[in-house]
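Here is a short briefing on one protein chain. Look over the sequence and the structure, then read the points below.

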Amino acid sequence: MRKHRLFIGISIPNNIKEKLLKIQDKFSERKLPLRLTDLKNIHITLNFLGYLTDREVVKIRHILDEIIPTFSIFDVWLSSFRFFPDENHIRVVAMMIENNGSLEKLQRVLSSEFAKLKFVRIEKREYKPHLTIARTKPPAIKTKEIEQIKNIKIESGKWKVKNIALIESILRRTGAQYTVLKKWDLKKENF
């Protein structure tokens, strides 16, 4: 029985990808020891679900059918650079995502529902919405290179999140390949 490696995610619009490309270009210009994330793979992860069977996927879809349409469209925007796990042991260079709290609330509600299912792996760490834009390559990134990254100007980038997706990730030697299995629309705002 084949299992699916799944997560709940938010796609990034093309105008934001263009802003991220400019940042990645600056990484390349400075010859920083980074492996850039392919722009088609950049997304905000809400919940990583792990490897699930077809029957388990059906249960996840039912939860998403019930929860996603109860949330309204909300704004998110690019904030600042962040290094994971921390600046002393950098593996990931990310752009933090800010919002009015709707993103975190949605993530908490979904995590709470998924926690009721024994087959879902629930993340214990505090949720920090971000976009992974690069990963480090050996040798380790140096303090002066961290400062070069921090000094890159971030263009303001704000967009409306209108839908949430269930995404399958297939790991390949050339990198992850993502397939959207289904999208759920958020409620339109009341004006």
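Thr 53 is in contact with Met 1, Arg 2, Lys 3 and His 4, leaving aside its neighbours within four places in sequence. The model is predicted, and every point below should be read that way.

**Thr 53 and its setting**

- Thr 53 sits in the loop between strand 3 (43-52) and helix 2 (54-67).
- Thr 53 counts as buried because its relative accessibility is 9%, and the cut-off for buried is under 20%.
- The contact partners of Thr 53 include Met 1 and His 4.

**Backbone geometry**

- Most residues other than glycine have a negative phi, and most peptide bonds are trans.
- Phe 84 and Pro 85 are joined by a cis peptide bond, with omega at about 0°.
- Pro 85 is found in the loop between strand 4 (74-84) and strand 5 (92-99).
- Lys 31 is not a glycine, yet its phi is positive, near 55°.
- The place of Lys 31 is the loop between helix 1 (14-29) and strand 2 (34-36).
- Lys 31 is exposed, as its relative accessible area is 71%; exposed means over 50%.

- The whole structure holds 12 salt bridges.
- One of them joins the side chains of Asp 75 and Lys 160, at 3.0 Å from N to O.
- Asp 75 lies in strand 4 and Lys 160 in strand 7 (residues 158-161), so this pair ties together parts that are 85 residues apart in sequence.
- Asp 75 is partly exposed, with a relative accessible area of 22%.
- Lys 160 is also partly exposed, with a relative accessible area of 39%.
- Lys 150 and Glu 87 form a salt bridge through their side chains, at 2.9 Å from N to O.
- That pair links distant parts of the chain: Lys 150 belongs to helix 4 (residues 143-150), Glu 87 to the loop between strand 4 and strand 5, and they are 63 residues apart.
- Lys 150 is partly exposed, with a relative accessible area of 37%.
- Glu 87 counts as partly exposed at 39% relative accessibility.

**Other salt bridges**

- The side chains of Arg 125 and Glu 123 meet in a salt bridge of 2.7 Å, N to O.
- Arg 125 is exposed, with a relative accessible area of 62%.
- Glu 123 counts as partly exposed, at 41% relative accessibility.
- Lys 19, Lys 22 and Glu 155 are linked in a network of salt bridges.

**Surface charge**

- Which residues gather in a patch of positive charge on the surface? They are Arg 35, Arg 91, Arg 135 and Lys 137.
- Arg 135, one of the patch residues, has its place in strand 6 (residues 130-136).

Notes:
Residues are numbered from 1 along each chain as its sequence is written. This is a predicted model: local features need pLDDT of at least 70, side-chain atom pairs count only at pLDDT 80 or more; totals for chains, interfaces and linings use all residues. Side-chain values use heavy atoms; hydrogens and water are left out. Patches are made of residues with over 30% relative accessible area and no salt bridge: like charges are joined within 9 Å, nonpolar side chains (Val, Leu, Ile, Met, Phe, Trp, Tyr) within 5 Å. Accessible areas come from the Shrake-Rupley method with a 1.4 Å probe; for residues, only the protein chains shown count as cover. A salt bridge is a side-chain nitrogen of Lys or Arg within 4 Å of a carboxyl oxygen of Asp or Glu. Lys and Arg count as positive and Asp and Glu as negative; His and the chain ends are not counted. The place of a charge is taken as NZ of Lys, CZ of Arg, CG of Asp or CD of Glu. Helices (H or I, at least four residues) and strands (E, at least two) are DSSP runs, numbered from the N terminus. Buried means under 20% relative accessible area, exposed over 50%, partly exposed in between (1.4 Å probe, protein chains only). Contact means heavy atoms within 4.5 Å.
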